[in-house]
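Subject: Structure handover

Hello,

Here is the structure for you to look through. Please open it first, then read the notes below.

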Amino acid sequence: LVFTNMDICPQPYFYEAVAELIRRRENAAFVIPRRTIRADFPDENHLDRMYLEFGVGHEGFDCFVFPRSWVPRLDLGSLCIGIPSFDLALILNLEVITGFQTRILWGQFLTFHLGDDKAWKDKAALNDHNLGQALAVCERLEAKCGKIPLRSKFEYVRVWLTQRPAAPAPPHLKAWKMAQQRLAEWSSRWCVRKYRKRLGLPGW
């Protein structure tokens with residue numbers, strides 16, 4: 001299943017590249033942060049030019065890939081889609097289901113968004129509602145699975161939601177987690193680069 005915010009644009013090779021990533025790692029969860037490109041393209045007739053834009057990385061999460069059979073296992077409370085904290089609650093769920101092995105594909109050229117308008121910023125009531133729901137989801141899932149591994153994606157999201165610092169972690173653990181992330185990014189980047197080259201799109 002691919003769950004993507006409605007204002008996110010896939011690159012033309014998106015589904016082929018994602019299918020290859022799934023074949024490499026079945027029963028995995030992938031989170032794909034977008035790249036933000038300039039917003040001055042008039043309409044969809046300029047897609048070919050949009051595909052050429054490198055843009056910049058974005059800190060939010062707006063595209064998720066995971067087995068469809070996991071849907072009944074998700075605990076999302078009464079969260080509203082399209083509003084911050086929904087994405088974080090979904091990552092918490094995926095972390096528990098995968099045994100804290102969710103893969104975030106930072107910096108990949110798989111999806112993009114025109115500009116960074118943050119249309120949700122003026123929806124204070126919905127933002128507050130979603131934050132409360134996400135915190136409740138975090139509490140329920142943590143009670144369900146017990147001790148949360150240090151420097152897991154679950155811990156990362158919990159820190160983001162609660163604004164409380166993470167527990168201290170040994171230097172070797174932080175180095176190991178960073179190395180794992182870098183390896184995952186490198187492997188995914190080579191996969192994506194192959195499809196870009198096939199379509200004559202510039203690499204990076």
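A salt bridge is a side-chain nitrogen of Lys or Arg within 4 Å of a carboxyl oxygen of Asp or Glu. By this rule the count comes to 11. Before the details, two notes on the source. This is a predicted model, so local features need pLDDT of at least 70 and side-chain atom pairs count only at pLDDT 80 or more, while totals for chains, interfaces and linings use all residues. Residues are numbered from 1 along each chain as its sequence is written, and side-chain values use heavy atoms, with hydrogens and water left out.

**Salt bridges**

Glu 20 pairs with Arg 24, with 3.1 Å between the closest N and O atoms. The two are 4 residues apart in helix α1 (residues 14-24), about one helical turn. Helices are DSSP runs (H or I, at least four residues), strands likewise (E, at least two), numbered from the N terminus. An α-helix has 3.6 residues a turn, so residues three or four places apart point the same way. Glu 20 is buried, at 11% relative accessible area. Arg 24 is partly exposed, at 45%. Here buried means under 20% relative accessible area, exposed over 50%, and partly exposed in between (1.4 Å probe, protein chains only). Glu 20, Arg 24 and Lys 194 are linked in a network of salt bridges.

Arg 182 and Glu 185 form another salt bridge, at 3.4 Å. Both lie in helix α6, 3 residues apart. Glu 155 also meets Arg 151 in a salt bridge, at 3.0 Å from N to O. Glu 155 is buried, at 3%.

**Helix α3**

Gly 99 follows α3, with a positive phi near 70 degrees.

**Cysteines**

There are 0 disulfides, a disulfide being a pair of cysteine sulfur atoms within 2.5 Å. The sulfur of Cys 138 is 9.0 Å from the closest cysteine sulfur, in Cys 145, too far for a bond. Cys 138 is buried, at 3% relative accessibility.

Best wishes
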